[in-house]
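Hello,

I am passing a structure on to you, and I hope you enjoy looking through it. Please open it first and keep it beside you as you read my notes.

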Amino acid sequence: MSSADTLQAFKRDGRIAIVGASLAGLRAAEALRAEGFTGSLTMIGDEVGEPYDRPPLSKQVLTGWVPAGGTTLPRRRDIDAEWLLGVPADGLDLATNHVHLADGREVPFDRVLISTGVRARPWFVESEADLDGVFVVRTREHADGLQRALAAGPSRVLVIGAGFTGSEIASICRERDIPVTVAELAPAPLVGALGAMIGEVASDMQRAHGVDLRCGVKVTHLEGDAQGHFRRAHFSDGSTIDADVAVVALGGIRNTDWLRDSGLAAGVWGIACDTGCRALTLDGLITDDIFVAGDVARCPNPIYEYRLISLEHWANAVEQAEVAAHNMVSAQADRWPHLTIPTFWSIQFGVNIKSVGVPTFADEVVVTQGSVPDHRFVAAYGYQGRVTAAVSFNNAKWLDHYRQLIETAAPFPPPCPTPDGPADAKPVPVDFPSPQLLAQGATVVVTGHDPSERRVTAAWQHR
Amino acid sequence: MKVVVDLSRCQGYAQCAFLAPDAFRMHGEEALMYNPTPDDAQREQVLRAAAACPLQAILVDQLEERDAPVQAPPS
Ligand SMILES: Cc1cc2nc3c(=O)[nH]c(=O)nc-3n(C[C@H](O)[C@H](O)[C@H](O)COP(=O)(O)OP(=O)(O)OC[C@H]3O[C@@H](n4cnc5c(N)ncnc54)[C@H](O)[C@@H]3O)c2cc1C
Ligand code: SF4
C-alpha cells in the first residue's frame with residue numbers, strides 16, 4: 001500500500017483519541033471532522049460535562065452576570081465522538097499505542113492528541129487550602145463557589161498573587177464594592193508577564209480603584225476560626241489582615257504527571273513538541289502519532305530563536321488545536337507549522353489590556369503611543385534591537401501594526417505610527433523580577449554509550 | 001444558545017452591542033463583555049450581530065440537536 005493509500009485508510013477508519021476535553025480538545029475534534037476524518041474519535045476528560053470556556057469565569061461569572069454553568073462552548077459541528085468523561089487518563093503507552101484510564105480501562109489509538117492543559121496551583125499548606133472561604137479559579141465549580149462567596153457580601157477579600165487572574169478578581173471585587181487586599185511578592189502586579197514599567201501602571205490602576213495593594217510581601221499563613229472558616233492572613237513582614245475570602249491566584253501547574261513513565265519530554269514546563277505539534281520523546285526524537293496542543297504544549301517558535309515556549313493563552317489553544325488536527329490527518333508534505341504570533345487579552349478596572357508577541361522575550365520596553373497616566377497607550381518590547389512584542393491599554397486597534405513589526409523583525413525602538421506618540425519616548429530596561437527561563441527543560445540524564453543504547457531518562461526527583 | 005467571542009480578534013467596534021444589547025455590552029471604553037448563553041429568544045439578534053461583526057469574531061452554536069456527551073459510568 002502506498003503512503004497515500006495508508007493515509008486515506010486512516011482518515012476513513014482510523015482511531016483517534018483526544019485526552020483533555022476542553023477548549024483545545026474540542027476545537028481539534030471539530031477540525032478533524034472538518035478535515036474529513038470519519039474514523040472513531042474518543043474524547044477523554046476528567047471533568048464532568050461538556051467542554052466550557054474559562055476566560056469568562058474570572059470576568060462575566062464573578063460579576064454575577066452569567067452563571068458558572070453558562071459558559072459551555074458552542075459547537076461548530078457534530079463531532080460524533082465517544083465521550084469518556086469524569087475519569088482521568090493516568091498513562092500513555094507508546095509501545096502499544098494505548099491510553100490508560102484511572103478506572104482501569106484502556107483506549108487503543110492510532111493517533112492521540114494530548115490537550116490536558118493546566119490546573120490551578122493550590123495553596124501550599126493543605127489544611128489551610130481546605131478552609132472554607134479559600135478558593136482557586138480554574139474550573140466552573142471553583143468560579144461558582146467564589147461567586148457565591150462574593151454574593152454573600154464578605155467584609156474583605158484577600159487575593160494572593162497579582163497576575164492576570166488575581167488582578168481580574170480584584171477588579172471585580174471593586175466593581176461589586178467589596179473591600180479587597182491584593183498580596184504580591186513581586187514589586188508590582190503583572191510584572192512577571194509584562195515587566196516593571198507596565199507593573200507600575202497596573203499598581204496605579206489598582207490603587208486608583210481602591211485596592212489595598214501590598215507588594216514585596218508574602219502571605220505566610222492562612223488562619224481559620226473554630227468552624228474551619230478562613231478569617232485572617234499573616235504576612236512575611238509580620239502584619240496580618242482580616243478577611244472572609246481568600247483567592248489563591250498563583251498560576252497553574254501543567255497536567256503532565258500522568259505522562260511520567262511515557263517516555264515523552266513532559267515536565268513542569270509542559271510537553272515539548274515541534275511546530276507541527278508532534279510531541280518529542282525524552283531523547284528529543286519527534287514522534288509520529290503523538291500530538292500536543294494548548295496550555296500543556298511547549299512549542300518552538302522561530303521568531304523567538306526556536307525556543308520552546310508554553311503559553312496559557314486562549315487563542316494559542318485554538319490555533320494550535322487546528323494545526324495539530326490538520327497534521328494528524330495530513331501527509332508529511334502537507335503539514336502546517338504553528339507559527340502564529342501569540343496574542344492575549346485581559347479586562348480589568350474597565351481597561352482592555354491586550355498583548356501581541358512574547359513580552360518576556362525582551363530587554364527593553366518603550367511607550368510608542370498614547371498616554372500612560374490616562375491608561376490609554378501602546379508599549380513596544382524589543383530584544384537586541386528588534387521588536388518582539390507589544391502591549392496595549394485601551395488601544396487595541398493598533399496591535400495588528402505591531403504584529404507586522406514583530407513578523408518582519410523591525411528595528412527597536414520602532415517609529416511611532418501616529419502623531420500621538422509621547423514626546424519623551426525613551427526605551428527603558430524591561431526588568432523582569434527574575435530571568436525568565438523560557439527554555440528551561442525537564443531535568444534529564446543521559447544513559448548508555450553505544451548509539452543503539454544511548455538514551456535520556458527523566459530525573460523527576462529534581463522537580 | 002451558546003456563543004463565544006474570540007476576544008483576541010475583537011477590536012471593540014461595538015456593532016454587536018448595538019445589534020444585540022442583551023447579549024453583548026461594552027465594558028469601559030473598548031472591552032467587550034458578552035453573555036455566553038443568551039436566551040434563545042435572542043437568537044435572531046445574536047445571529048445578526050455575529051454576521052455584522054467586521055472581524056468575524058463571534059461564533060454561535062451550529063448544532064440544533066446537540067448530542068450531549070455521555071458521562072463515563074463510574075467504575
Ligand atoms: C479564570 C481564567 C481566565 C482566563 N482568562 C483568559 C484571558 O482573558 N485571555 C486569554 O487569552 N486566556 C485566558 N485564560 C486561559 C485560557 O482559558 C486557556 O488558555 C485555555 O483554557 C487553554 O485550553 P486547553 O484546552 O489547552 O486547556 P484547559 O482549558 O486547561 O483544559 C484541559 C482539560 O484537560 C483536563 N485534564 C487534565 N488532566 C487530565 C487527564 N489526565 N485526563 C483527562 N483529562 C485531563 C482538564 O481537567 C481540562 O478539562 C483564562 C483561564 C482561566 C482559568
Ligand atoms: S462586533 Fe465584533 S469586533 Fe465589534 S465589539 Fe462585537 S465582537 Fe468585537
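Below are some notes on what was found, one chain or residue at a time.

This is a predicted model, in which local features need pLDDT of at least 70 and side-chain atom pairs count only at pLDDT 80 or more, while totals for chains, interfaces and linings use all residues. Residues are numbered from 1 along each chain as its sequence is written, chains are lettered from A and ligands numbered from 1 in the order in which they are written, and side-chain values use heavy atoms, with hydrogens and water left out.

**Chain B and ligand 2**

Chain B has 2 helices and 4 strands (DSSP runs numbered from the N terminus, with helices being H or I of at least four residues and strands E of at least two). Along the sequence, these follow the pattern β-α-β-β-α-β. Of the 75 residues in chain B, 49% count as buried; buried means under 20% relative accessible area, exposed means over 50%, and partly exposed is in between, using a 1.4 Å probe and protein chains only. If you take the contacts in chain B (heavy atoms within 4.5 Å) between residues at least 6 apart in sequence, 60% of them join residues at least 24 apart.

Which residues come nearest to ligand 2? They are Cys10(B), Tyr13(B), Ala14(B), Cys16(B) and Cys53(B), out of 13 residues around ligand 2, where being near takes a heavy atom within 4 Å. By class, that shell holds 10 nonpolar, 3 polar and no charged residues. (Nonpolar covers Ala, Val, Leu, Ile, Met, Phe, Trp, Tyr, Cys and Pro; charged covers Asp, Glu, Lys and Arg; the others, Gly among them, are polar.) Cys53(B) counts as buried because its relative accessible area is 12%.

**Cysteines**

Cys215(A) has 22% relative accessibility, so it counts as partly exposed.

**Some places in chain A**

Thr275(A) is in the loop between strand E19 (270–272) and strand E20 (278–280). Its relative accessibility is 19%, so Thr275(A) counts as buried. Beyond its neighbours within four places in sequence, Thr275(A) is in contact with residues including Cys299(A), Val323(A), Trp336(A) and Pro337(A).

Asn327(A) belongs to helix H7 (residues 314–328), and it is buried because its relative accessibility is 0%. Leaving out residues up to four places away in sequence, Asn327(A) touches Arg111(A), Gly276(A), Phe291(A), Arg335(A) and Trp336(A). Asn327(A) and Pro337(A) are 10 residues apart in sequence, and their C-alpha atoms are 8.9 Å apart in space.

Ala120(A) sits in strand E8 (residues 118–120). With a relative accessible area of 18%, Ala120(A) is buried. Not counting residues up to four places away in sequence, Ala120(A) touches Val136(A), Arg138(A), Gly251(A) and Gly252(A).

Gly49(A) is in the loop between strand E2 (40–45) and strand E3 (82–85). Why is Gly49(A) partly exposed? Its relative accessible area is 29%. Apart from its neighbours within four places in sequence, Gly49(A) is in contact with Leu85(A) and Arg140(A). From Gly49(A) to Gly252(A) it is 203 residues in sequence and 22 Å in space, C-alpha to C-alpha.

**Backbone details**

The peptide bond from Phe412(A) to Pro413(A) is cis, with omega near -5°. Pro413(A) is placed in the loop between helix H8 (399–407) and strand E29 (428–429).

Two residues other than glycine have a positive phi: Asp177(A), near 60°, and Asn394(A), about 45°. Asp177(A) lies in the loop between helix H5 (164–175) and strand E11 (180–184), and it is exposed because its relative accessible area is 61%. Asn394(A) is in the loop between strand E28 (386–393) and H8, and at 4% relative accessibility it counts as buried.
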